[in-house]
Amino acid sequence: MATGAIPDSGGLDMGTAGLAGRKTLDMAILKQLSHRSNALGALRAAAHLGVMAATAGLVYAAMHSAQPWLVWPAMVLHGFTLVTMFAPMHECVHRTAFANKWANEVWGWLAGLLSFYNFTYYRHYHTWHHRYTQDPEKDPELMDPKPTSFMGYAWEISGIGFWLRRPLTFLKLALTGGRSYPFVPEHGRLKVAISASLQLAVYVLAGVSIALGYPYALWYFFLPAILAQPLLRALLIVEHTGCSYDEDGLTNTRTTL
């Protein structure tokens, strides 16, 4: 979201023409809204995990019902709780989910694991994204071209490209620590490599368990995340795609409701 920006009451047009009625937040209000709390962070984490457990129960119930086809919509719903773990991971990257540093580190890593992002790498990636938002030469989010056509949007929202890139990205991070990326500093590469290696090991062990005849990771993790990925892609694609390539936070980013 555009930092400190709120829309006026006149509709949802976030284009340049709709900026005239917008205003930025007073610093005192922004400080109040930015208050960090371990208790509230834990409550929200528990709520998310609770919903995840409930949707996993729906998958189980559908698989053992008289209408097993219901397992597919149940997996989409369960998958949405997995892929939207991106949101708490993002807040932990900013260290805003909890007041305690290590609570942010631990929960952020677990949230990244469940949403197929690497928390340690993403912190470096996202720091440059905020520092160089919509700078074609330095913003890491522009490493992959933004869609400009209907088919481009369809491909991006499908999540196919995301899943094709994930294995290679994790392997690259595990082996090199992100050495080829300018936003990963030399002193941070070992941590990135260890973090990515541990995460990759979890995924490999889950895959091995499936191969050995225990399909739980397939039905409750991999398939739901694949099916629901388009929902996360649709949420993320609106923030900067089609926005201006300049330093104006009110035009290079959309506030979405």
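## Ground rules

Residue numbers start from 1 along each chain as its sequence is written, and side-chain values rest on heavy atoms, with hydrogens and water left out. Because the model is predicted, local features need pLDDT of at least 70 and side-chain atom pairs count only at pLDDT 80 or more, while totals for chains, interfaces and linings use all residues.

Helices, where named, are DSSP runs of H or I with at least four residues, strands are runs of E with at least two, and both are numbered from the N terminus.

## The second largest pocket

Let's start with an open space. A pocket here is an open set of points on a 1 Å grid over the protein atoms alone, with protein on both sides within 12 Å along at least five of seven lines; a cavity is a set of points where a 1.4 Å probe fits but cannot get out, and lining residues have an atom within 4 Å of a point. Points are joined across faces, edges and corners, and a volume is the space filled by probe spheres set on them.

The second largest pocket has a volume of about 400 Å³. Its lining is made of 13 residues, and Arg95, Glu105, Thr120, Arg123 and Lys191 lie nearest its centre. Sorted by class, the lining holds four nonpolar, four polar and five charged residues. For these classes, Ala, Val, Leu, Ile, Met, Phe, Trp, Tyr, Cys and Pro count as nonpolar, Asp, Glu, Lys and Arg as charged, and the others, Gly among them, as polar.

In one of them Glu105 pairs with Arg95, with 3.5 Å between the closest N and O atoms. This pair links distant parts of the chain, since Glu105 is in helix α5 and Arg95 in the loop between α4 (86–93) and α5, ten residues apart.

Glu105 also meets Arg123 in a salt bridge, at 2.6 Å from N to O. Glu105 lies in helix α5 and Arg123 in helix α6, so this pair ties together parts that are 18 residues apart in sequence. Through shared partners, Arg95, Glu105 and Arg123 join into one network.

How covered are the partners? The scale used is relative accessible area with a 1.4 Å probe and protein chains only: buried is under 20%, exposed is over 50%, and partly exposed is in between. Glu105 and Arg123 are both buried, Glu105 at 17%, whereas Arg95 is partly exposed at 32%.

The structure holds one cavity of 30 Å³ or more, and the largest cavity has a volume of about 40 Å³. Trp155, Glu156, Gly159, Gly161, Phe162, Arg165 and Arg233 line this cavity. Both α7 (150–158) and α8 (160–176) supply at least two residues each, and α8 has the largest share, three residues. The lining has two nonpolar, two polar and three charged residues.

Arg165, one of the cavity-lining residues, forms a salt bridge with Asp144 (3.8 Å, N to O). Asp144 sits in the loop between α6 and α7 and Arg165 in helix α8, 21 residues apart. Both ends are partly exposed, Asp144 at 40% and Arg165 at 31%.

## A nonpolar surface patch

Patches join residues with over 30% relative accessible area and no salt bridge: like charges within 9 Å, and nonpolar side chains (Val, Leu, Ile, Met, Phe, Trp, Tyr) within 5 Å. Accessible areas come from the Shrake-Rupley method with a 1.4 Å probe, and for residues only the protein chains shown count as cover.

A nonpolar patch of about 700 Å² is made by Trp69, Leu70, Trp72, Val76, Phe80, Leu227, Leu231 and Leu235. Helices α3 (71–83) and α10 (216–237) each supply at least two of its residues. Leu235, in helix α10, is partly exposed at 47%.

Arg95 is in the loop between α4 and α5, while Phe116 is in the loop between α5 and α6 and is buried at 5%.

Methods:
Salt bridge = Lys/Arg side-chain N within 4 Å of Asp/Glu carboxyl O.
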